[in-house]
Amino acid sequence: MRILLFICLTILVGCSEELEPKESILPDDIVNIDPLEGLPLDEAINKHIKSTLNITDTEKYTYEVFKGDCDGDDSLDIIVTVNLLDRAINQAIASGQLPKRAESGYIGLFNYFFYVDGFTRKFDPPKVIPSSPHAKLVLNFEQFRTANHMDFTIDYRIKDAGFRGYFTVSNGHPIQILQTPIFTGVGEKESEAFKVRYETGSYSTSKDIVVYKGSFENIVPKSEFEIYNFSPEIIGTEELERRWFFNENDFKYYTKKEK
């Protein structure tokens, strides 16, 4: 199982229907500000998605909008996640390898996110999360690097395994500072899971990201794609797997194997 996790992480390092905009969840003072070429926010987001990801008028995609103060300037920043499952399927059909790619969950460059600075209204270029597009990216705001603003995590799937990327914003750009496995073996006889907690920093004021061993109640999938819709409820233990500490000089998390 650990070999599978290592292979998946190595791959990552080496490398629907279009929705009508939902009723905005943003405050009125944000909604009424034109962030791009005088367009309302929803239109600007759609235009940015289509232009930067080369999406045609007939191609389908989905997106979700999240908000939080990510740089401590008291303005509401925006993060948009984009899912291109339709593109993944069409490319698989065009390649003549539909069964093979479907078996792998269409893993590839089909899940993206981009950041919009709340103060400057500038759109950062999209960042890809290589993963299975049958599962959309799951974003959560957290505070692990500093208590002065929000950091965030993005969960993604590679077949039966789940991973988490940890991001902070620096100079108007999101930076990934750590990546950890969360679970593996969904729908399989053997599974492995980890529970993440934030604890007082060992080497800096940033919190340690501490990974404990855990477990979850598995499922017997009724279809090959059901594993992507299943979100394991992980029960943590007190058995330490790994402790990550933040190095301010390198702006990254490091670890040493616990005995």
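The model is predicted, with local features requiring pLDDT of at least 70 and side-chain atom pairs pLDDT 80 or more, while totals for chains, interfaces and linings use all residues. Residues are numbered from 1 along each chain as its sequence is written, and side-chain values use heavy atoms, without hydrogens or water.

Begin with the protein chain in cartoon view, where 6 helices and 12 strands can be picked out (DSSP runs, H or I of at least four residues for helices and E of at least two for strands, numbered from the N terminus). Of its 259 residues, 45% count as buried, meaning under 20% relative accessible area with a 1.4 Å probe, protein chains only.

Next, select V138, D155, R164, F183 and S231, which among the 23 lining residues lie nearest the centre of the largest pocket. A pocket here is an open set of points on a 1 Å grid over the protein atoms alone, where a 1.4 Å probe fits, with protein on both sides within 12 Å along at least five of seven lines, and lining residues have an atom within 4 Å of a point. The space in this pocket is about 480 Å³, taken as the volume filled by probe spheres set on the points.

Finally, move to R121, in the loop between β3 (111-116) and β4 (127-128). R121 counts as buried because its relative accessibility is 14%, and a polar atom of its side chain lies 3.1 Å from the backbone oxygen of G118.

How values were computed:
Buried means under 20% relative accessible area, exposed over 50%, partly exposed in between (1.4 Å probe, protein chains only). A polar contact is a pair of N or O atoms within 3.5 Å; within protein, one must be able to donate a hydrogen and the other to accept it, and residues adjacent in sequence count only if both atoms are side-chain atoms.
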